Amino acid sequence: MEFPKDLKYTKEHEWVKVEGNIATVGITDYAQDSLGDVVYVELPQEGGTVTKHEPFGVVESVKAVSDLYSPLSGSVTEVNDAIIDSPEAINEDPYGDAWMIKVEVGNDSELGDLLTAEEYQKFIEEEK
Amino acid sequence: METNGTKGLLLEEPLIFEKSSEGRVGVEPASFDVPAADAASLIPKGLLRDGLGGFPDLSEIDTVRHYTRLSQWNFGVDSGFYPLGSCTMKYNPKVNEDIAGMPGFTKLHPYQSTDLAQGALELMYELEGYLSEISGMDAVTLQPSAGAHGELCGLLMIAEYFKAKGKPRTRVIIPDTAHGTNPASSHLAGFKVIPVKSEGKGVLTVEAVKAALDRETAAIMLTNPNTLGLFERHIKEIADAVHAKGGFLYCDGANMNAIMGIMKLGDLGVDVVQFNLHKTFSTPHGGGGPGSGPVGVRKVLEPFLPVPRIKKAGRKFKLVYDRPRSIGRLKAFYGNFGIMVRAYSYIRRMGGEGLKRASETAILNANYLKERLKGTYQIAFDQPCMHECVFSDKIQQAHGVSTMDVAKRLIDYGYHPPTVYFPLVVPGAIMIEPTETETLETMDRFIEAMKAIAEEARTNPELLKNAPAKTKVQRVDETRAAREPVLRWKGVKK
């Protein structure tokens with residue numbers, strides 16, 4: 001299982017890539033593996049807002065339906081509509097093709113709450 | 001070991017539309033004894049259809065064989081062990097069907113005047129009373145048509161209560177072990193769901209509930225015993241905490257099969273509860289018939305119950321609609337009446353002592369299964385359980401075998417798989433509820449099958465990966481079915 005070092009993570013199993021004031025968000029390799037085959041994704045509208053710790057979408061696998069929790073607050077600048085038609089991308093390439101939304105970060109201080117790859121790995125070891 | 005699974009004479013059967021042969025008929029209606037009129041001369045043009053497409057042309061024998069063959073592919077409690085956790089797939093005694101099939105019940109029309117339906121009203125009135133007695137609630141409505149419908153009914157009454165006080169509340173607290181219907185019903189009733197973790201080894205702690213409680217909390221919704229099959233033993237203190245903030249304690253009655261006749265939810269501080277007649281009170285379940293989800297409430301919520309209410313005046317029963325604070329009607333007519341008759345028959349036949357013994361036996365059976373399978377499969381929370389127990393695939397994971405593989409292999413041994421991947425708090429959950437109606441021999445054979453499968457997982461995991469092998473249809477591609485669902489017949493390709 002991979003946890004790229006240049007990404008930040010949350011305890012709800014999302015990853016965040018920060019570039020300037022834009023954060024790209026998706027779900028982790030561990031999340032896709034636990035979910036199993038993903039069959040459906042629901043994402044917010046472009047231009048909408050997301051709030052830290054609040055659901056911004058839904059992901060459904062053959063096993064379960066789960067909320068997607070936003071790691072940060074801000075406005076949604078871009079949505080990866082391609083994964084709505086091909087949700088299998090989430091299983092195949094969770095850190096690449098299957099990014100979900102891009103958020104213009106409203107509050108920089110929220111970035112400090114995110115976990116590093118090492119911290120996240122340690123967290124999931126404990127959760128197992 | 002010997003298995004139940006075998007290859008019987010199961011016949012292939014196409015879709016009924018594919019059996020159609022133009023002009024073939026099953027029934028010849030009698031010829032007209034009045035002159036035929038042209039439909040166009042009687043019905044306005046806009047309302048007249050120009051054909052009746054989409055119906056297959058079939059003979060009677062083709063139709064009968066079609067449905068008989070489909071029924072032979074079926075599996076139900078009447079064909080074998082069906083240990084679905086949290087669903088209470090108990091055997092339903094046939095006497096209940098006999099009673100519900102009495103012409104006095106089946107030939108009643110819902111528009112019949114109440115003077116001519118006194119027996120039905122009396123049965124409903126008495127059933128409300130029995131459910132009140134079993135749960136310790138002050139009043140019961142029989143109207144909701146399923147468990148989740150009952151949840152919605154209870155939550156709408158709670159919402160209305162706060163609205164009537166001029167202080168609407170916005171939140172409902174729900175533990176992470178809840179049935180998915182709990183947050184869904186709360187959302188539908190206009191509440192925001194506040195999740196809370198079961199931090200006390202599978203049960204809720206008072207501290208966690210207190211931390212989530214505030215003056216916006218309309219209710220906390222919990223299931224007791226919860227979906228891990230564990231008794232929420234802090235329920236009384238949780239009730240006190242939510243009452244101190246002016247909120248209600250809603251109990252999802254889905255797991256009432258573990259407690260009926262043993263304790264009353266009212267004594268534990270519960271304010272609202274729904275009964276799943278199709279689980280606990282032995283009525284058809286799982287596609288076998290409509291559900292029924294009566295709701296019991298404490299006196300303070302009684303004015304909000306759906307209309308009509310059944311009242312007894314002297315020796316007569318009547319329907320009362322004039323109840324200004326009621327949330328209104330939730331279902332056409334009076335609920336699923338035929339199901340009420342079955343539940344009534346079951347309760348009368350069992351009696352108070354019988355119901356208590358049913359719960360006790362359900363608990364004993366689940367604990368027997370748990371003790372015998374513990375070690376072969378990882379037990380989620382190793383402590384005495386109530387009517388069901390939860391395992392996981394943690395031990396089998398070492399051989400690359402998942403809960404899904406175990407479940408599919410069980411089919412080859414002749415069993416309906418248990419509930420899998422629920423509750424969500426246990427990864428790879430296998431949730432087994434044997435119910436009180438199974439014999440020791442049936443459970444022993446099931447345990448042997450589960451042990452044999454664990455052994456196969458170790459020595460021949462491929463066997464599990466390719467299961468089921470003995471069924472008419474082998475492992476289906478569930479992922480593709482979900483990603484590219486084909487939901488209706490699209491016609492014969494020509």
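**Exercise 1.** In this predicted model, determine how the axes of helix 13 and helix 14 of chain B are arranged, and state which residues make the contact.

*Solution.*
Step 1. Helix 13 of chain B spans residues 403-412 and helix 14 of chain B spans residues 440-459; their axes come within 10 Å and cross at roughly 125°.
Step 2. An angle in the range 65 to 115 degrees would count as roughly perpendicular, and one over 145 as roughly antiparallel. The crossing at roughly 125° therefore makes helix 13 of chain B oblique to helix 14 of chain B.
Step 3. The crossing of helix 13 of chain B with helix 14 of chain B is right-handed.
Step 4. Helix 13 of chain B contributes Val406(B), Arg409(B) and Leu410(B), while helix 14 of chain B contributes Ala449(B), Ile453(B) and Glu456(B).
Step 5. Sorted by class, this contact has four nonpolar, no polar and two charged residues.

**Exercise 2.** Carry out the corresponding analysis for helix 5 and helix 11 of chain B.

*Solution.*
Step 1. The axes of helix 5 (residues 118-135) and helix 11 (residues 337-373) of chain B come within 10 Å and cross at roughly 60°.
Step 2. Angles under 35 degrees count as roughly parallel, and the roughly perpendicular range is 65 to 115. Helix 5 of chain B is therefore oblique to helix 11 of chain B.
Step 3. Helix 5 of chain B passes helix 11 of chain B with left-handed sense of crossing.
Step 4. From helix 5 of chain B, the contact involves Ala120(B), Leu123(B), Met124(B), Glu126(B), Leu127(B) and Tyr130(B). From helix 11 of chain B, the partners are Phe337(B), Met340(B), Val341(B), Ala343(B), Tyr344(B) and Ile347(B).
Step 5. The class count for this contact is 11 nonpolar, no polar and one charged residues.

**Exercise 3.** Describe the division of chain B into domains and the contact between them.

*Solution.*
Step 1. Domain 1 of chain B covers 95-349, and domain 2 of chain B covers 360-474.
Step 2. Taken over C-alpha atoms, the centres of the two domains are 31 Å apart.
Step 3. Domain 1 of chain B supplies 14 residues to the contact and domain 2 of chain B supplies 13 residues.
Step 4. On the domain 1 side, these are five nonpolar, seven polar and two charged residues.

**Exercise 4.** State the confidence scores of the model and of chain B.

*Solution.*
Step 1. For the model, ipTM is 0.77 and pTM is 0.89.
Step 2. Chain B has an average pLDDT of 94, and 97% of its residues score at least 70.

Conventions. Residues are numbered from 1 along each chain as its sequence is written. Chains are lettered from A and ligands numbered from 1 in the order in which they are written. This is a predicted model: local features need pLDDT of at least 70, side-chain atom pairs count only at pLDDT 80 or more; totals for chains, interfaces and linings use all residues. Domain bounds come from an automatic or database domain assignment. Two residues are in contact if their C-beta atoms, placed from the backbone, lie within 7 Å. Ala, Val, Leu, Ile, Met, Phe, Trp, Tyr, Cys and Pro count as nonpolar, Asp, Glu, Lys and Arg as charged, and the others, Gly among them, as polar. pLDDT is the predictor's confidence in each residue, from 0 to 100. Axes are lines fitted to C-alpha atoms, for helices over the stretch in contact, and angles run from 0 to 180 degrees between N-to-C directions. Helices (H or I, at least four residues) and strands (E, at least two) are DSSP runs, numbered from the N terminus. A crossing is left-handed if the near helix is turned anticlockwise from the far one by less than a right angle, and right-handed if clockwise.
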